[in-house]
Amino acid sequence: MRLTVVGCAGSFPSAVSAASSYLVEADDADGRTWRVVLDLGNGAFGPLQKYCDPNRVDAFAISHLHADHAADLVVLGVYRRYHPGGPCGPVPVHGPAGTTERLAQLAGTDPATDISGQVEVRRWDPASPVQVGPLRLEPVPMAHPVPAFGIRVTGPAEADPARRVTLAYTGDTDACAGLDALATGADLLLSEAGFLEGRDDAVRGVHLTGRRAGQAATAARSGRLVLTHVPAWNDAGVTLREAQQVYAGPIDLARPGSVYLL
């Protein structure tokens, strides 16, 4: 299983990165590569094309409906509808309740941007994991001002396909029981860290800090921590140091184009 960071900017695209989007790939026993994109925030559809043909993505998994995680689904729909190879069939888009209505709002009433025939929206159900080829997607409710899910992705290890590995993606969340469950035993915890200790302490139920992300990784015994969703106005080095104070395992700051082999 391979993780490619498509976009990792928090809350809005930065000068060097699109908003949240992550490509997960895994090969099945026949050598067929399966692809799932976790979130497709504003600005992410452009760089996604560097890493794969968007029409070859098997499913899109949306953590929540804020624009920095879902806005470029409209661009995806336009791409699929007007592709020179002809209109594509609908691609599955897994998301929280209200996804269909949110996409309609983003697309507007112009017939040229109607994407209804290009995506097939499927509502997350925490009791019903989703299978995409060799990848198993499990949505876990998170703590955020709107309905939001973290996503556990389990699939074949890159070096030994007979072994299963797990990527845990938080989406946007504060510390909560769902985060603990999501991160438990994960080989890689891809965790948002949009807030800073000392500056944002009065605002809870929205984002993690680097420290809270590190605490979650330690408590859950996650094998690796990758910090993401750091807004451009934050010093990412401060976020990194916060996490390093409470988590002894390997830590990275997500950067566009970074690839992790699980």
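Author: Two strands pair if DSSP finds at least two bridges between them; strands (E, at least two residues) and helices (H or I, at least four) are DSSP runs, numbered from the N terminus. This is a predicted model, where local features need pLDDT of at least 70, side-chain atom pairs count only at 80 or more, and totals for chains, interfaces and linings use all residues. Residues are numbered from 1 along each chain as its sequence is written, and side-chain values use heavy atoms, leaving out hydrogens and water.

Let's start with strand 6. Pro92 has Glu120 in strand 6 as its bridge partner. Strand 5 (residues 91-95) runs parallel to strand 6, and five bridges join the two. Both belong to an open, mixed sheet of seven strands, ordered 6-5-4-3-2-1-14. Strand 6 is an edge strand, pairing on one side only, and so is strand 14 (259-261).

A pocket is an open set of points on a 1 Å grid where a 1.4 Å probe fits, with protein on both sides within 12 Å along at least five of seven lines; lining residues have an atom within 4 Å of a point. Here 11 residues form the lining, and Thr100, Ala104, Asp114, Ile115 and Ser116 are the closest to the centre. Helix 4 (99-107) and strand 6 (119-123) are the elements giving two or more residues to this lining, with helix 4 contributing the most, four residues.
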